[in-house]
Structures are given as structure tokens and as C-alpha cells.
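This report describes selected local features of one protein model. The sequence and structure come first.

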Amino acid sequence: MEHTDKETFTRLLLHWHRSENRRTMPWKGIRDPYRIWLAETILQQTRVEQGLAYYQRFVNAFPTLADLAAASEEEVFRLWQGLGYYNRCRNLLHTARALISDYGGQFPRTYEELLTLKGIGPYTAAAIASFAFHRPCAVVDGNVLRVLSRYFGLDIPVDTQAGKKVYTRLAGELIATDAPAQFNQAIMDLGATICKPRAPLCGQCPFSSTCRAFKLGKPEQFPVKVSRKTVRQRYFHYLVCWYNHKTILQKREGKDIWRGLYEFPMVESETTAGTELLYSPTAWENLLSNTGWELKSISDRQQQLTHQRIHARFFHVVLKKKPEIFSHQLLVHRKQLQQYALPGVIVQYLRDERHGYKNP
């Protein structure tokens with residue numbers, strides 16, 4: 001790769017950014033490390049169209065770092081509900097509290113120090129360092145990987161550790177040291193608006209005359225990725241039992257998905273089960289025995305996670321007597337359901353079935 005190629009790339013990118021880039025975002029151009037961190041954390045593996053509303057809700061609820069640090073886990077999870085990747089949310093709260101208690105409420109100003117904070121990886125650390133503190137640290141997200149792979153015609157897989165090192169090093173060599181924030185914003189915006197995954201707008205691209213993928217006539221064949229991991233199929237069966245407008249919730253614990261969120265009493269099996277599950281010795285036995293119950297409906301929903309697909313079956317049951325619940329369970333009135341953070345598949349079910357659930 002010629003040195004002149006790199007110089008041309010940086011010069012053309014910054015010119016496009018100054019003269020043609022019209023993409024607007026609520027956090028663009030700000031220097032507040034808290035809001036930059038908040039935006040980048042929300043937008044990781046989240047579409048911008050979806051993330052905008054979440055960002056605004058968080059800023060309204062927690063306008064400062066101190067406000068977020070003082071919030072309860074339930075409050076933060078409730079606002080995060082629907083974004084998935086709840087470890088990100090958990091780390092967000094942990095790091096906010098650590099910054100208040102250990103750093104005097106201030107963000108570290110260097111890339112290396114930022115990396116020591118829980119939940120802040122190379123991408124987010126580079127974003128905060130460059131946008132807030134003018135450090136020459138290149139951000140490398142999916143948009144950046146796509147632009148670099150296409151422009152330089154690189155067939156190194158972007159989803160391998162070796163590939164990420166190559167692209168990160170290349171981005172670091174390209175960044176304009178006197179304008180790191182502008183460079184980073186420009187390359188991300190170019191990937192989002194022009195160099196799109198499908199049907200890229202090559203006719204509007206500042207690199208159309210020098211892009212190697214365009215010259216080859218196959219921009220959509222870049223970037224190269226290795227085969228995806230197998231998606232695990234999981235089958236969750238929920239008992240949605242109602243007594244006097246109240247139902248039972250329990251908090252998910254352990255290291256599985258959705259830790260810290262609430263759900264209905266659940267039984268997982270190897271395949272989808274039918275009504276026989278209601279009559280077999282299960283974790284529901286204490287809820288159905290001696291209560292007198294009537295099955296109203298069975299409803300199925302699915303939720304796709306990164307490497308898992310959840311097949312959820314909901315058994316809607318009405319009880320004639322108050323159930324005996326375990327110590328880890330709660331009896332919650334339907335009007336209070338929106339106060340609890342729930343997995344997306346349960347939220348979808350409650351909205352579709354009109355069980356009195358309202359949007360947060």
C-alpha cells in the first residue's frame with residue numbers, strides 16, 4: 001500500500017466532510033465525555049434510528065454523570081429495555097459509579113486510561129479520547145471497516161482478531177493528527193450514508209476514482225467475513241397466571257442472558273412443549289396445585305439474539321385462588337408491570353395480548 005494512497009484518502013475524506021457531509025446527530029460536535037460515552041455505548045450493535053430515542057431518554061433522565069451514578073439498577077434497566085446486550089447497561093452503571101467514587105467525577109483523558117474502565121473497549125475509548133479530548137485515536141466500527149476494506153481492496157476478514165489488528169493499525173496511520181474528531185466523524189458518516197453495506201452510492205462517493213473495490217466492479221463483496229457461528233435454538237415456556245389482576249414475576253439471576261431482568265415463571269426444554277407441561281411436575285407445580293385454574297390461551301413469540309434464537313411459548317392461565325409463591329417471586333398488579341425491566345419477547349407478548357402493559 002503506497003504512502004500516497006493514504007495521504008489521498010485522508011485529504012479526500014476531510015474535504016468531503018467539510019463540503020458535503022450533512023449528516024446530523026444530537027451528539028455530533030459535543031465535547032462532553034459523558035454524553036459521548038452514553039451515545040457510543042447505546043449505539044454499539046444498535047441501529048441509529050433505534051438508538052436516538054434511547055439516547056434522548058437517558059439524557060433527559062440522567063443529564064449528568066452524577067445523576068446516572070445515583071440511579072438504581074432497576075431505573076437504568078427500565079430505560080434500557082429493548083436494546084438488548086444488558087451487560088452493556090450493567091457496565092454503564094458500574095463505570096458511572098466508579099468515575100464518581102474513584103475519579104472525582106471526571107473522565108480520564110487518555111486512551112490507555114479510558115480502556116481500564118469496565119465496559120469501555122477500544123472503540124469507545126477512541127471515540128471519547130478523540131471527540132472529547134482531541135487525541136489522535138482512530139475509531140474502528142463496522143462503517144470504518146467497510147470503508148477501509150473497499151477503498152484499499154483488502155480481503156483480510158474483518159471479523160477475526162488478526163483482521164481487526166490490521167484495520168485498526170491502518171486507521172491509526174490514516175487519521176489526521178490535527179483533526180482527529182473530524183476524521184473519525186467523517187469516516188463513520190461516509191460508511192453510514194454513502195459506502196453502505198448494500199447498494200452503496202458509489203456515484204456520490206469522493207473515492208469513486210481511487211477506490212479499488214469500485215474499480216474491480218464488486219464493492220458489495222467487501223468487506224470479507226468468515227462464516228458465522230451457529231445460532232443456538234432455545235425453548236422457553238412461560239406461565240402467565242392471573243389472580244385478581246395480578247401476575248407473578250421473578251428476577252433472572254446467574255450468568256445466562258437477561259440477568260437482572262424480570263420474567264414470568266419459566267421452564268426451558270429441548271423443544272416446544274404443549275399443554276402436557278401444565279400437568280407435569282415442573283417449577284410451576286406450587287403455583288397450579290390447589291388453586292383451581294383455567295387455561296385461556298397459548299401464544300408463541302420469538303426473539304433473535306446475536307447467537308441465540310428464543311422460542312417463547314406463553315400459557316395464559318386464570319387462577320381461582322391466590323397462589324403460593326416462592327421467596328424470589330413477586331405478585332405484581334398489571335398496572336405496575338411497566339415498572340419492571342422485561343426481556344423484549346415478553347414485552348412484545350404483553351403488548352400484543354393487551355394485558356394492560358404500557359410503554360415506558
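With which side chain does the side chain of Arg-90 make a polar contact? The partner is the side chain of Asn-87, at 2.6 Å. A polar contact is a pair of N or O atoms within 3.5 Å, one able to donate a hydrogen and the other to accept it; residues adjacent in sequence count only if both atoms are side-chain atoms.

The model is predicted: local features need pLDDT of at least 70, side-chain atom pairs count only at pLDDT 80 or more, and totals for chains, interfaces and linings use all residues. Residues are numbered from 1 along each chain as its sequence is written, and side-chain values use heavy atoms, without hydrogens and water.

Arg-90 lies in helix H6 and is buried (under 20% relative accessible area, 1.4 Å probe, protein chains only). Leaving out residues up to four places away in sequence, Arg-90 touches Phe-77, Arg-259 and Gly-260 (heavy atoms within 4.5 Å).

In helix H15, the buried residues are Val-345, Ile-346, Val-347, Tyr-349 and Leu-350. The elements covering them include these strands:

| Strand | Residues |
|---|---|
| E1 | 232–243 |
| E3 | 262–263 |
| E5 | 293–304 |
| E6 | 308–319 |

Helices (H or I, at least four residues) and strands (E, at least two) are DSSP runs, numbered from the N terminus. Just after H15, Arg-354 has a positive phi of about 55 degrees.

Terms used: Buried < 20%, exposed > 50% of the residue type's maximum accessible area, 1.4 Å probe, protein only. Lys, Arg positive; Asp, Glu negative; His and termini not counted. Salt bridge = Lys/Arg side-chain N within 4 Å of Asp/Glu carboxyl O.
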